[in-house]
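Reader: I am new to this structure. Please take me through one part of it closely.

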Protein chains: 2
Amino acid sequence: MKPNKSSIRMTQYRIKPQSGTALTLQKGQILRIIDVEGEQVSDLACFVLGNINEYFSSGRTIDYNEKIYLSTGDILYSNQSNPMLSVLNDKVGKHDLLFAPCSREMLALSYGITEAHPNCLDNLTNHLGQYGIKASQITNVFNIFMNATLSAHGNITIAPPLSKAGDYIDLRAHMDLIVGITACSAKKCNNYHCTSIDVEIFEAV
Amino acid sequence: MKPNKSSIRMTQYRIKPQSGTALTLQKGQILRIIDVEGEQVSDLACFVLGNINEYFSSGRTIDYNEKIYLSTGDILYSNQSNPMLSVLNDKVGKHDLLFAPCSREMLALSYGITEAHPNCLDNLTNHLGQYGIKASQITNVFNIFMNATLSAHGNITIAPPLSKAGDYIDLRAHMDLIVGITACSAKKCNNYHCTSIDVEIFEAV
């Protein structure tokens, strides 16, 4: 299914389990992130093409949407308070804005993994590096399909994603963007089974 | 009252309403942030002295503490997953980890303020600039005394801070740090009355 009747699919790409990619998105284009097998998180980092000092801000996004769970109609904002991406369609309705991407240090602290292991921060850094973006510039990300629930006292429980095979979210670009995307490498948030993420780009015509 | 019997107060400083400061903190020193009149938020940004690419990360902090409301015994982590500050004492028990500091753009979007107006991002940038830190390097901060409550559906309500006159939080440094601190300039989160913040540094002896 296309984002709407007058959209054309331009690009299709599979992100293999525990890996990532980076791409540019033109203003007006629609990015579809698809959970191929279900219960798989995809981290999304986002920078303005031509000005990497302007980037996705979870803090601004939470502030202006007045909520932590984004869905259809909501907007992802930059640190300079500009709209970067709108949620055009969302088949899942539960994503995370609180966490940073998993990293070597996070896997060591949270899971006791001390040997080399794929992780979202390395996967984002490796692919965003071609645009001059360094690991230290990757802060909190949009953790698509991640199911982190808060209790009334603010305590967090991570549960399997609500996404089933083929579920997706569509994001429309408000400006020209550099986007890093992963198929998350951690255990718990992917229900202990890391699978693929498909990416499609549609041109609104 | 001193943080404990064997602490000596080294420095005392008043941050006037709608302004800020920056200081360095040595490993082991204790930073006290005091709400002078009550119901006043103080934003805290934090960088490693000698490596400003390592900085306070709300995402890592939420992850490792498994909660969004920090209090006594909890730890603030860096983007490289190192402990930066521990909460040693906390007279309030409600602070915020979700928001970015208020900014010119935020005041325009949220309050319709288009003329020049003090804001935490400018106040942090002006004072942290002496350490080579730029506005784009200031992401989500630790919003001390800020009272943002989440509903079960993740919607946010901002209420007056729970802090009363003289209430404080003590933070112990795990490493040598650069710290930016404000007396917040926004309206709603300070119950529409911006007042002073006192800062004290104690040396554990």
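Predicted model: local features only at pLDDT ≥ 70, side-chain atom pairs only at ≥ 80, totals over all residues.

Author: Residues are numbered from 1 along each chain as its sequence is written, chains are lettered from A and ligands numbered from 1 in the order written, and side-chain values use heavy atoms, without hydrogens or water.

The copies meet through the same surface, because 100% of the interface residues of chain B are also interface residues in chain A. Chain B can be laid on chain A with an RMSD of 0.0 Å, by a turn of 180° and a shift of 0.0 Å along the axis. The two copies are thus related as by a two-fold rotation axis.

Now helix 1 of chain B, residues 58-65. Helices are DSSP runs (H or I, at least four residues), and strands are E runs of at least two, numbered from the N terminus. Eight of its eight residues are buried, so helix 1 of chain B is largely enclosed by the rest of the structure. Buried means under 20% relative accessible area (1.4 Å probe, protein chains only). Among them are R60(B), I62(B) and Y64(B). The buried residues pack against helix 2 (104-111), helix 3 (120-128) and strand 10 (156-159) of chain A. They also pack against strand 6 (75-77) of chain B. Contact means heavy atoms within 4.5 Å. After the helix comes E66(B), with a positive phi near 55°.

Definitions and conventions: Least-squares fit on C-alpha atoms with pLDDT ≥ 70 in both. Buried < 20%, exposed > 50% of the residue type's maximum accessible area, 1.4 Å probe, protein only.
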